[in-house]
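This briefing covers the fold of one chain, its contact with a partner chain, and the confidence of the coordinates.

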Amino acid sequence: MEENITVAQAAEAVAEAVIPEKKKRKPVNQQKLQDNIWGWAFCLPLIVGTVVFVYFALVIALLLSFTNYNVNSGGIWEYLGKMFSGDKSVFDMTAESAGGVIGKEYDPFYWYRFAFSEKAWFTSDWAKTQPIYNEVGEIIGFGRTSNAMWATMFNTVFYLIGIPIGMVLSVFFAVCMSRDIKGGSVFRVLYYLPCVASTIAIVYTFRIMFTDDGVFNQILGGKVIPWLGEGNPDWGGKDPYWTQGLLSKTMIVIMSVWKGLGGTIILYVAGLSGVNASTKEAAQIDGANGWTTFWKVTMPDLYPVIFYNVVTAVIGGMQIYAEPELFFGTNVAQGYPNLMTSGFVSLIWYHGTAKSPSAYPSQGAAYGMILAVIILILTLFQFWLDSRKKD
Amino acid sequence: MENVINENNVPAEEEVHYSTFRHAVGAVLAFFGFSSKTHRASKKRAKLVGDIVTYIVLLFGAFLMVYPFWWMIAGSFANTWDSSTADLFREMVWWPSVSTWNSEMPYGGIFYNYYKLFQDGFSGGIFNPAFSYWRAVGNNLIYSIVPVVVGVITSTMAAFSFAKINWFGRDKVFLFLLAAIMVPGPSIMAAQYVLYGTWNMRNALALVVPGLFGSIMTAFFIRQFLFGLPTSIIEAAKIDGAGYPRIFFGFILPLALPAIMAQGLLSFMGCWNNYMGSFIFIDPGSQWINLPHAMYIMNNAVDGNNTAPVIAASVMCVLPVIILFACFQKMIIGSLMLTGSKE
């Protein structure tokens, strides 16, 4: 037998040795050339798009976050040119173009300190001249939280509660659907409907359903839970910041769980269909009941799907923006994101784009960099947990 | 004697003689598919009962999923134009107690909200007076068809090149592109805002141009699909003298059509519902805002309690996507399931 194999292998080796020599003339090079030309050509649009709209924008955002660029600073190219020619005026937080004195003369990390420092809103001279910012400073102040970043970050983390709730519910429904019943695909379609619906339409519907006389309170028998009552914060009260508006936040959690359930259910149904049926049967023959089979056989097989889901859900959850923003709107009186419910992205949106009285893309970019680092750390942490579990 | 009998028979007696009550309970349990010490339930019965419970649970869940949509449709027929009945709208559970079927509403009858929406829903209040509902729909169609059709083709081209062509530096470029997924969109939002302003793209172009270059996730999923296609087709075509463009348009596009369609439909839905893009990059006073953005402005413009027209607009915003999904649900769900089983 062994001799046969070696003979066959030898024959193959000979054949392999012969063929390249035949092709070593022009055709091989021509083919490689074609491969390289068309490979790059087919890829080019995607590479250009990614480099220009993601990587280039990322570099610009990083550079901007150290400067005092605002909507009155003129063209971005001259500005960056000044930065690279060693002109320190781009880091000057006392310049007129930045709207007056807001920091020191040379202060590249101003916006980062600004984001983290307490009471940043109303301590800077420039902020004091802005009536809007004074109000904001006051309403956030009083020793509860004086920092918009911590307030919105607390909201964002609160919304992450929806992830474990949604996970348990969707595994439950997925197990129900993957039973051998008729009409399973109909249920899949029905459960997926909220995922395809527009967020704004869903929010405007839920906003009325959650009013004091709305559907949810009528089921509970009258005006039981003031879901929307806490939409406008009572900043003069004595409650600390984190106890306020919990009902409003809970409502947004309910809505996002409802909206996101279908997508995860489909992933779990797909994962459950990949669970090894023979292992399951073997467990049942060995006398395991349904509960034990589920925990000892099904769940370990389902683990990769769950892990993927949790990672993507955390990344997406940290970027929550539209739901709270549409539900409670910008705080019209203050012209500022409603700090009771807004996610962290609202700050980037408000400061980075022309929605504030004098927009600082620099400030928005600094908030954006902080968000990117937080998401990166959370993702790495989850992968670290995953690797520890395998060991 | 008694001791002996007891000693011998205690275990047996306890197994055999259950009280009548326990027999009854066991019989009832067996009827519902649970085995007990007195009665053994048949497997068929257990499955039947399990199926019934599953159906009840799933139907309840499906009801929760569908009810808000029903509420939306019913609410779009409510009469909130009369401020005295506007409060009744919020108390609606199944059907508005005061619908627009009203002699005072001159046109449209029960569809009065839709009539107003199509006529002047988007051009009142602080809105641009020249703006209409149909303009918003037209904009939305442009934003969701042009970038998606072109973008899916460019993504497929990249996927084809990654999956089936051997070129220098392919894997490194792929990793380089895949790493871009890690960059959160909002982080670079401010820089994009500045850049688009510099490039004079803060109008319709902001929502069209970036999509034309394709998306990495779409390319990634189509690449996974293309790995399943046999390479021998391409080899055969090459031997017959076909170049790569011909192979791509003649073989790959038709063969990968299911995956391409599913990805295209998913990104169409994403673009149709894209609220953030228009909200950031397009000026609210401009003609180029999309449908969700127009709905946001309409909601702010309608006076206080008259929210039924907003719900009518919501129905009209959701309806096209739902119809599209209903038509292609097999394709879309199949593609999503493929994603789930691959992970």
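Chain B holds 16 helices and 0 strands. The model is predicted, and for chain A the mean pLDDT is 77. Chain B contributes 77 residues to its contact with chain A, which contributes 80 residues.

**Overall form of chain B**
- The radius of gyration of chain B is 31 Å, whereas a compact globule of 343 residues would come out near 20 Å.
- The C-alpha trace of chain B extends over about 110 × 75 × 35 Å along its principal axes.
- Of the 343 residues in chain B, 40% are buried.
- Taking the contacts in chain B between residues at least 6 apart in sequence, 62% link residues at least 24 apart.

**Side of chain B that touches chain A**
- The contact is made by 77 residues of chain B and 80 residues of chain A.
- Helices of chain B that each supply at least two residues to this side include α3 (43-75), α6 (133-164), α7 (170-178) and α8 (189-198).
- Also among them are α10 (216-227), α14 (276-281), α15 (291-301) and α16 (308-342) of chain B.
- The most comes from α16(B), which gives 15 residues to the side of chain B that touches chain A.
- By residue class, this side of chain B has 53 nonpolar, 19 polar and 5 charged residues.

**Helix α13 of chain A**
- Helix α13 of chain A runs over residues 246-273, a length of 28 residues.
- From first to last C-alpha, α13 of chain A reaches 39 Å, close to the 40 Å expected at 1.5 Å a residue.

**Confidence in chain A**
- In chain A, 74% of the residues have a pLDDT of 70 or more.
- The pLDDT is below 50 over residues 119-145 of chain A, a stretch that has 48 contacts in the model beyond near neighbours in sequence.

**P106 of chain B**
- P106(B) sits in the loop that runs between α4 (86-90) and α5 (112-121) of chain B.
- P106(B) counts as exposed because 9 other C-beta atoms lie within 10 Å, and the cut-off for exposed is 12 or fewer.
- P106(B) and V209(B) are 103 residues apart along the chain, and their C-alpha atoms are 44 Å apart.

Note on methods: Residues are numbered from 1 along each chain as its sequence is written. Chains are lettered from A and ligands numbered from 1 in the order in which they are written. This is a predicted model: local features need pLDDT of at least 70, side-chain atom pairs count only at pLDDT 80 or more; totals for chains, interfaces and linings use all residues. Two residues are in contact if their C-beta atoms, placed from the backbone, lie within 7 Å. Helices (H or I, at least four residues) and strands (E, at least two) are DSSP runs, numbered from the N terminus. Ala, Val, Leu, Ile, Met, Phe, Trp, Tyr, Cys and Pro count as nonpolar, Asp, Glu, Lys and Arg as charged, and the others, Gly among them, as polar. The expected span of a helix is 1.5 Å times one less than its number of residues. The radius of gyration is taken over C-alpha atoms; the globule rule is 2.2 Å times the number of residues to the power 0.38. A residue is buried if 20 or more other C-beta atoms lie within 10 Å of its own, exposed if 12 or fewer, and partly exposed in between; C-beta atoms are placed from the backbone. pLDDT is the predictor's confidence in each residue, from 0 to 100.
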